[in-house]
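Q: Could we go through this model together? I would like to begin with its core and then turn to the chains.
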Amino acid sequence: MVRYCLLSVLAVFLVLGGFWQPYDPDAVDILARHSGMTASHLLGTDHLGRDVLSRIMAGGWRTTCVILAVGLTGFTVGTFLGTAAAVFGTWRETLILRCCEFFIMVPTLVVALTAAAIFGLSPLSAALALGLAGVGPHALLAHTLSKRVLGQPFILAAQSLGVSSFGMISRHLLPNTLPLMFAYVGNQAGLAVVAYASLAFIGLGADPSEPDWGAMVFEYRVFIFDHPMLMIWPGTAIAITVSALNWAFDDFRA
Amino acid sequence: MHPVRLGIQSITGMLAISLASFTVINSMPADPVAIAIRVWNLPATDETVAALRAEWGLDQPLLFRYCDWLTRFLTGDWGRSFRTGEPVLGEFLERLPISLSLGMAGLALAIVFAIPLGFFAAAHPKGVADRFSRTLSVFVQAVPGFWLGLVLLWVLGVQLRWIRLLAQDWTAAVLPILLIALHSVAVLARVYRRDLMETATQPYFRTALAKGLSERQALWRHGRCGALYALLAAVRSEAGWVIGSTATMEILFGLPGISQFLVQSIAARDQMVLQAYVMVIVLWMLVMNGSAYLAMRFLDPRLA
């Protein structure tokens, strides 16, 4: 129960960041630079006097968009392809599975790097690239699960009762595979957060002043001697988010 | 699976990926001719544009350009970088050793450490090694390597002054290699442990115990090869992760490897460099895949 409370608190914090921050995350206040942790700036201000908490909240909203888009793309397309492969069988199954295997061979980060290089790094382009890279593993998992369900006696029973193929997939197959697929998406969400942070950290011609957690670590790394707390906060935000996600979905892990 | 079949599959995969990446990269919104004119300060007349387009074959259909690129690529002509004006192949050969040694050393170190860690975790469930490896795997999942590296630099370099920051000799590579290895150690040790634990439930393991072997001896003698097999299978997927960590480490520690070169080239929309990078990565994955497969085949004669 504690883990769901923690996840809800985190979700509220992340979503809140999309609508409200204590200060404008890009507002420069050169007089208040490096203010340290004070009552008005809870996590202090950076070298331009921007409020770190506001920037972390804005970055949290961008991260949330990435998590949702990655989950949605990988989950929908992957489940569709995997289920289709299992239901079709024969050469179409082989074709889909081979394509997915080749797709897995290219590392996720390279797919995302290429996409970011072409379309520029934004939460949307990165999430689409990360999500597309996640299609392969999702499809292979959906295929394995579907094959296992299709081998069960109740499928044979339904077939002999003359259930249509649409009814078979929607009433008998998907209800049995979707819960496990859903758990897998939850576990992938943590990976997506780290992958997006890595992309933002690497930079790739994106505007480094955008308040992404990874970009903040990159930007604040030069203050390691004088103001190390600046780079500690965004990293802590990443670690807490990923831990909360992993912890909440731990139960489902097969 | 026969090695020849693996080879054919690898080559097909490489061709498919190269065609896909070539299509995607060449449909970039940025026009290379416009970039070249800007970068090289050429007069932006119609003649220059037409001459450049003809020289690079941009007026040809895509498939034709792909074939042309492929033959050039295979004969070692990887094109020229817009940004530096140097041949891409030379630029890569200069930087590849750094990236490769980072990745290979990290992976090798991970395998070396994962085997004893996984073994002791399996020999004493709930023991120190087991708890340590479990904590480690939770930790590395949540904490990104680049941030951990930065925190370590702060603690070891700034606070304790144990390491020199911005070192230019080989010591600069120690921390990145350790950080790259850390993630893989955690993953591989868990895989190694899980396979050994499965061995312990097998009837032949009970036979070995009945013969008078201690539990640890029996695990090592009868579980070692099977667990190594599982470990190698995991190395194949871990090889992809290593590339990502190598990229962030190159940026964090300022090591002039291929990922740093790529990031610098991206801003100039350097298509040739991007294409070459994708090919190098795919080649790395295929080589890792192939060597892991050969080692697995050596371990398990049933595959041969």
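This is a predicted model: local features need pLDDT of at least 70, side-chain atom pairs count only at pLDDT 80 or more; totals for chains, interfaces and linings use all residues.

Q: Which residues touch the most other members of the largest nonpolar core?
A: They are Ala112(A), Leu130(A), Tyr196(A), Val217(A) and Leu188(B), in a core of 131 residues. Helix 10 of chain B, residues 215-253, contributes the most to this core, namely 15 residues.

Q: What does Tyr196(A) touch, leaving aside residues up to four places away in sequence?
A: Its partners are Thr63(A), Val66(A), Ala126(A), Leu130(A) and Gly214(A).

Q: Turning to the contact between the chains, how many residues does each chain give?
A: Chain A provides 30 residues and chain B provides 32 residues. On the side of chain A that touches chain B, at least two residues come from each of helix 3 (90-105), helix 4 (108-119), helix 7 (165-202) and helix 9 (229-248). Helix 9 of chain A has the largest share, with 7 residues.

Q: And by class, what is on that side of chain A?
A: There are 21 nonpolar, 8 polar and 1 charged residues.

Q: How many helices and strands are in chain A?
A: Chain A has 9 helices and 0 strands. Its C-alpha trace spans about 80 × 40 × 25 Å along the principal axes.

Q: What percentage of chain A is buried?
A: Of its 254 residues, 46% are buried. As for contacts in chain A with a separation of 6 or more, 68% are between residues 24 or more positions apart.

Notes
Residues are numbered from 1 along each chain as its sequence is written. Chains are lettered from A and ligands numbered from 1 in the order in which they are written. Two residues are in contact if their C-beta atoms, placed from the backbone, lie within 7 Å. Helices (H or I, at least four residues) and strands (E, at least two) are DSSP runs, numbered from the N terminus. Ala, Val, Leu, Ile, Met, Phe, Trp, Tyr, Cys and Pro count as nonpolar, Asp, Glu, Lys and Arg as charged, and the others, Gly among them, as polar. A nonpolar core is a set of buried Ala, Val, Leu, Ile, Met, Phe, Trp, Tyr and Cys residues joined through C-beta atoms within 7 Å. A residue is buried if 20 or more other C-beta atoms lie within 10 Å of its own, exposed if 12 or fewer, and partly exposed in between; C-beta atoms are placed from the backbone.
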